[in-house]
Amino acid sequence: MMSDNQIIEGCTRHDRRCQQVLYDKYSRFLLGVCLRYSSDKAEAEDILQESFLKIFFNISDYSGTGSFTGWLRKVAVNTAITHYHKNLKHRYHVDIDEYVSVETGISSFEEDFFTSDELYMVLNELPAGYRMVFNLYAVEGYKHREIAEMLGVDTNTSKSQYSRAKAVIRDKLEILRKLRKNYSDND
Amino acid sequence: MELGKLFRDKLENAEIVPDPSINVRLMRRIARREFMTFNPASFNVYYLGTLLVAGITAAILLLPSKEAPVVFPDKVINEVTVPIPEKSDIEAGKTESLNTRSEPGITKHVSDKPEKIQENSRIPVNEQSEAESRPSRVDHKTLSAPVVKNDILTKESGSDKLVSSSKEAGSLFVSSVVDGCIPLKVRFICTAIDADTYRWTFGDGGVSYDKAPQWIFDVDGEYKVTLEVYSGDKLIGKSYELIKVYPRPVANFELSPEKAVIPDDEIRFINYSTEAVKYMWDFGDGTYSELFEPQHKYTQFDNYDVKLKVYNGFGCADSVIVQNAFAGSKYYIEFPNAFIPNSEGPTGGIYSSKSDEMAQIFHPSSSGVNEYHLKIFSKMGILIFESNDINIGWDGYFKGQLSNSGVYIWKVRGKYRNGEPFTKMGDVTLLRNQQ
């Protein structure tokens with residue numbers, strides 16, 4: 001079992017075996033990250049490949065400070081952002097202002113109620129811009145100022161996209177909850 | 001629970017299994033990058049292979065050589081006496097000329113340097129177990145303490161010097177070198193006087209019956225070369241020498257970005273060398289680096305050959321050169337092969353995406369063009385149109401009149417931003433609107 005340090009040292013030398021070990025050890029985790037930023041698994045796998053290329057060819061950028069997993073995740077997130085920018089003009093532009101949020105009156109959710117698959121599904125169905133901002137703010141923990149810089153928008157845009165994203169997400173979760181309730185009621 | 005926390009808790013460390021084909025594709029991409037990217041126009045894996053073969057052949061021809069910078073042990077031999085144990089009668093593991101070893105002359109020079117015992121002996125050196133009877137010998141066997149010092153890279157050719165492992169009368173042969181980089185060519189010369197038959201074994205399975213054979217060790221390791229001398233049928237002497245053959249590193253690199261454009265791009269050199277500890281880059285423009293993976297910006301466009309020479313801990317080297325590394329340029333200029341001029345009158349040749357929708361102006365698409373001279377000729381060779389401005393194309397008119405439909409010849413000359421010149425020629429068909 002190779003330690004992270006051995007893996008990193010081998011990958012710096014472009015040793016193919018160490019690269020394979022790195023992939024085996026972290027690809028599932030990193031795909032979990034990429035899937036949050038994608039609309040489907042295929043897109044996530046594209047981002048995953050690009051991320052690994054960046055990891056293998058820029059491994060010397062990891063200075064050893066901070067966790068290795070944290071560095072890997074950052075590379076994947078940055079790759080997702082690059083991917084997002086590249087695809088911006090090809091995307092079907094949904095005018096995000098048109099999303100009408102149904103007031104659910106529910107502002108909190110039971111954690112155990114939703115599976116991770118369902119949460120992924122909700123993210124995959126979001127418009128890309130909402131998905132980016134929601135992930136970066138709520139999951140990654142960046143501030144709106146930082147998100148604005150990463151996405152090339154201004155801080156207010158990030159804030160408003162975040163609140164709209166939350167509204168859409170709540171709607172979708174509420175629908176899921178109702179569906180499940182219906183199923184269990186009918187049992 | 002707050003929304004963000006819900007997603008964080010469930011998804012922050014979630015794992016999704018990728019499709020196995022992703023792994024395959026990824027590794028294939030990496031392998032392809034390693035071999036195919038030096039210069040797509042003229043470089044491929046065969047060329048690289050040829051270079052490596054040529055390099056190794058050259059190394060063999062030059063051995064014992066300038067190419068194998070093993071000053072280390074030679075230096076040792078010069079400074080001091082005998083690093084290697086004697087040739088002595090080893091039959092019963094006893095020695096008659098044991099006196100050689102305990103001599104004060106045999107200093108333990110190796111103890112100055114950090115010691116690392118060469119474990120790669122191909123042939124088990126049985127005599128090592130006899131060390132008990134000769135304590136001092138063990139120290140001398142610890143050769144190969146490869147600490148790369150700057151001085152080891154100044155090579156001297158030890159080829160003409162014959163080294164005696166022992167100055168004692170007991171030695172039966174001398175060797176041209178006792179260690180070196182692979183492939184190592186060694187000349188052994190028997191110095192025994194009364195012998196008429198010789199039998200050498202080289203430790204790698206090879207045998208010779210010459211008085212002064214030459215042998216090439218092509219696999220790294222430690223070899224015990226033994227000589228038995230006979231007078232008639234009688235064995236009159238036996239001695240041995242230990243030859244250490246060091247491995248070589250492998251030099252290998254690629255440039256990034258793939259189709260680099262100089263002098264604009266900062267070039268990154270990705271180092272795929274193996275078993276190396278010291279790197280010497282020659283960027284071909286008079287500058288050098290000793291970093292593992294340097295970055296370099298060229299100040300002007302030219303055909304540069306990039307060379308990397310690497311050394312391992314034993315001081316052995318390998319090198320690889322990429323000639324004309326930046327010949328492929330991502331600057332380009334291309335012309336369409338037909339266009340349909342606006343039939344309503346000359347427009348002056350300024351084009352836009354609107355006019356392009358209807359292909360009304362003949363003009364190139366390009367990147368990085370700095371100088372531009374376009375001439376258009378009729379089939380009869382009459383100059384119909386000329387432009388030195390890439391933003392002005394041909395609207396299809398000559399002297400105010402719409403030209404006839406048919407084929408015209410265009411010729412363009414110019415330079416890209418990096419100074420690289422271009423000249424192209426082709427034909428274009430002028431189509432008239434059917435009204």
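Two residues are in contact if their C-beta atoms, placed from the backbone, lie within 7 Å. By that rule, the contact between the chains takes 29 residues from chain A and 27 residues from chain B.

Before going on, a word on the model. It is a predicted model, where local features need pLDDT of at least 70, side-chain atom pairs count only at pLDDT 80 or more, and totals for chains, interfaces and linings use all residues. Residues are numbered from 1 along each chain as its sequence is written, and chains are lettered from A and ligands numbered from 1 in the order in which they are written.

Back to the contact, from the side of chain A. Helices (H or I, at least four residues) and strands (E, at least two) are DSSP runs, numbered from the N terminus. Five helices of chain A each supply at least two residues to the side that touches chain B: α2 (16-36), α3 (41-57), α5 (116-125), α6 (128-139) and α8 (155-185). Which of them gives the most? That is α2(A), with nine residues. By type, the residues on this side of chain A divide into 14 nonpolar, eight polar and seven charged. Here Ala, Val, Leu, Ile, Met, Phe, Trp, Tyr, Cys and Pro count as nonpolar, Asp, Glu, Lys and Arg as charged, and the others, Gly among them, as polar.

α6(A) has twelve residues and reaches 15 Å from its first C-alpha to its last, close to the 16 Å expected at 1.5 Å a residue. The expected span is 1.5 Å times one less than the number of residues. Is α6(A) mostly covered or mostly open? Mostly covered: twelve of its twelve residues are buried, including A:Arg131, A:Phe134 and A:Asn135. Buried means that 20 or more other C-beta atoms lie within 10 Å of a residue's own; exposed means 12 or fewer, partly exposed is in between, and C-beta atoms are placed from the backbone. After the helix comes A:Gly141, with a positive phi near 90°.

Now chain B. Its secondary structure comes to six helices and 24 strands. Of its 435 residues, 32% count as buried. Among contacts in chain B between residues at least 6 apart in sequence, 68% join residues at least 24 apart.

Next, the sheets. Strands of a sheet pair through backbone hydrogen bonds, either parallel or antiparallel. Two strands are called paired if DSSP finds at least two bridges between them.

In chain B, β1, β3 and β6 form an open sheet in the order β1-β3-β6, with antiparallel pairing. β1 (173-175) and β6 (214-217) of chain B stand at the edges with a single partner strand each, so one side of each has no neighbour in the sheet. The twist averages 25° from one strand to the next; axes are lines fitted to C-alpha atoms, for helices over the stretch in contact, and angles run from 0 to 180 degrees between N-to-C directions. β1(B) and β3(B) are joined by three bridges, and B:Val174 stands opposite B:Ile189. In the loop between β2 (179-181) and β3 of chain B lies B:Pro183, and a cis peptide bond joins it to B:Ile182, with omega about -10°.

Another open sheet of three strands in chain B has the order β9-β10-β13, also antiparallel. Its edge strands are β9 (253-256) and β13 (295-297). β10(B) and β13(B) pair over three bridges, and B:Gln295 is the bridge partner of B:Arg268.

Towards the end of chain B, β24 (421-430) has two partners to mention. β23 (406-416) pairs with β24(B) in the antiparallel sense over ten bridges, whereas β17 (338-339) runs parallel to β24(B), with two bridges. In the hairpin of β23(B) and β24(B), B:Gly419 takes a positive phi near 95°.

B:Glu275 has a phi of about 60° and sits in the loop between β10 and β11 (278-282) of chain B. B:Lys399 has a phi of about 50° and sits in the loop between β21 (397-398) and β22 (401-402) of chain B. Why does B:Lys399 count as exposed? Because it has 7 other C-beta atoms within 10 Å. B:Glu275 has 16 C-beta neighbours inside 10 Å, so it counts as partly exposed.
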